[in-house]
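Please open the model in a viewer and follow the selections below in order.

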Amino acid sequence: MNKNMKILIVDDFSTMRRIIKNLLRDLGFTNTQEADDGNTALPMLQSGNFDFLVTDWNMPGMTGIDLLRAVRADPNLVKLPVLMVTAESKREQIIEAAQAGVNGYVVKPFTAVTLEEKISKIFERVGS
Amino acid sequence: MDSGERLALARELVQQLESGNEAEVTRIASLMSALSSDGVESKLFQEVGRLTRELHEAINEFLLDPRINELARVEIPDASERLSYVISMTEKSANTTLSAVEAGLPLADDLGSQARAISVQWGRFCNRELSVDEFRELSRDLGGFLELTATRSKQLHGHLTDVLMAQDFQDLTGQIIRQVITLVHDVEDKLVQLVRISGSKLPEKQKDAKKLEGPVIPGIDQGDTVNGQDDVDDLLSSLGF
């Protein structure tokens, strides 16, 4: 796994962005940027050569699921690995995210171990 | 009542009319009308009238209840303010804590990496592998490290104290949220009263499948939710993830 990969963290709460950013740094990923909703994130993704997207679901403006759909609809981003980190925990939503092409799903509240596990699993699969 | 009894009542009515006894006339007339088939209808009208009056009074009483006015004009807007304040307090606390942790982590890392470096030399010293010059260097490093440890420990203590103090919101937000819970109960009571007055059956609430429910809250029906990350993993693996 390339520790220098460029990661975009999308969450409407700055505190959650900071937590994820710190956890990623602990895992060795220091090249992170932040956005507070899908509308801010999408242009960054389209122009920024990101390697990985970590996004919340429920955000004002553009939600995470809409961002995921927009990413999958963009030929340049279609293969971008996406991890959803969200409090949304209805079964149908998880299925919806899976169908929209999410690569991993972490429910809040989560632990550092869970985040690490899901990230390494995603890149194992992407790499293979 | 058979026709004989009715006839007797009619005769008495005529008699009372002739003698001009109005009170008796009214009593017998209403008795007759109440007992006739038309009387059932008039009883029904009376009952409808009574219910209407009661409903009218109940609604008036409800509208005149000063508590309703107070709830709508003052307490609910106040509650919004209070809850916004809870958000800003918890956010401030989270940010203070995060800043302290972000400032503390590199200090801990610094101590760790220096200790590891010295530990290598220390191991060599224990094995008598160090030259005199190397030993001098090691003692100098050790001296510096002890000084650094004292400084970093003081700094870390300061950051941890910041984390400690940032938890003071819990007591205050707890009190504020409890006030708002009391208000919600009051509003609930009034709404129940209103529903009782109208006496109407409310349609069963339909769950909106598209609505985002947010965090799972114990004791609240939020539809078919997963129970933690293991459930999510099971669900996803059942979908071939």
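Begin by selecting Lys6(A) and Phe50(A): the charged end of Lys6(A) sits over the ring of Phe50(A), 4.7 Å from the ring centre. A charge sits over a ring if NZ of Lys or CZ of Arg is within 6 Å of the ring centre and within 35 degrees of the ring normal. Next select Lys3(A), which lies over the face of Phe29(A) at 4.8 Å from the ring centre.

This is a predicted model, in which local features need pLDDT of at least 70 and side-chain atom pairs count only at pLDDT 80 or more, while totals for chains, interfaces and linings use all residues. Residues are numbered from 1 along each chain as written, chains are lettered from A and ligands numbered from 1 in written order, and side-chain values use heavy atoms, without hydrogens and water.

Turn now to the largest nonpolar core, which has 30 residues. Such a core is a set of buried (under 20% relative accessible area, 1.4 Å probe, protein chains only) Ala, Val, Leu, Ile, Met, Phe, Trp, Tyr and Cys residues joined through side-chain atoms within 4.5 Å. Among the members that touch the most others are Leu8(A), Leu67(A), Val71(A) and Tyr105(A). Select Val71(A): leaving aside neighbours within four places in sequence, its contacts are Leu42(A), Leu45(A), Leu53(A), Leu77(A), Val78(A), Leu80(A) and Val82(A), contact meaning heavy atoms within 4.5 Å. A second, separate core of 19 residues includes Leu24(A), Val54(A), Val85(A) and Ile119(A).

Finally, in chain B, select Trp122(B), Phe125(B) and Phe135(B), a cluster linked by ring pairs. Rings of Phe, Tyr and Trp (its six-membered ring) pair if their centres lie within 6.5 Å; planes under 30 degrees apart count as stacked, over 60 as edge-to-face and the rest as tilted. The ring centres of Trp122(B) and Phe125(B) are 5.2 Å apart with planes at 40°, so this pair is tilted.

Notes:
Buried < 20%, exposed > 50% of the residue type's maximum accessible area, 1.4 Å probe, protein only.
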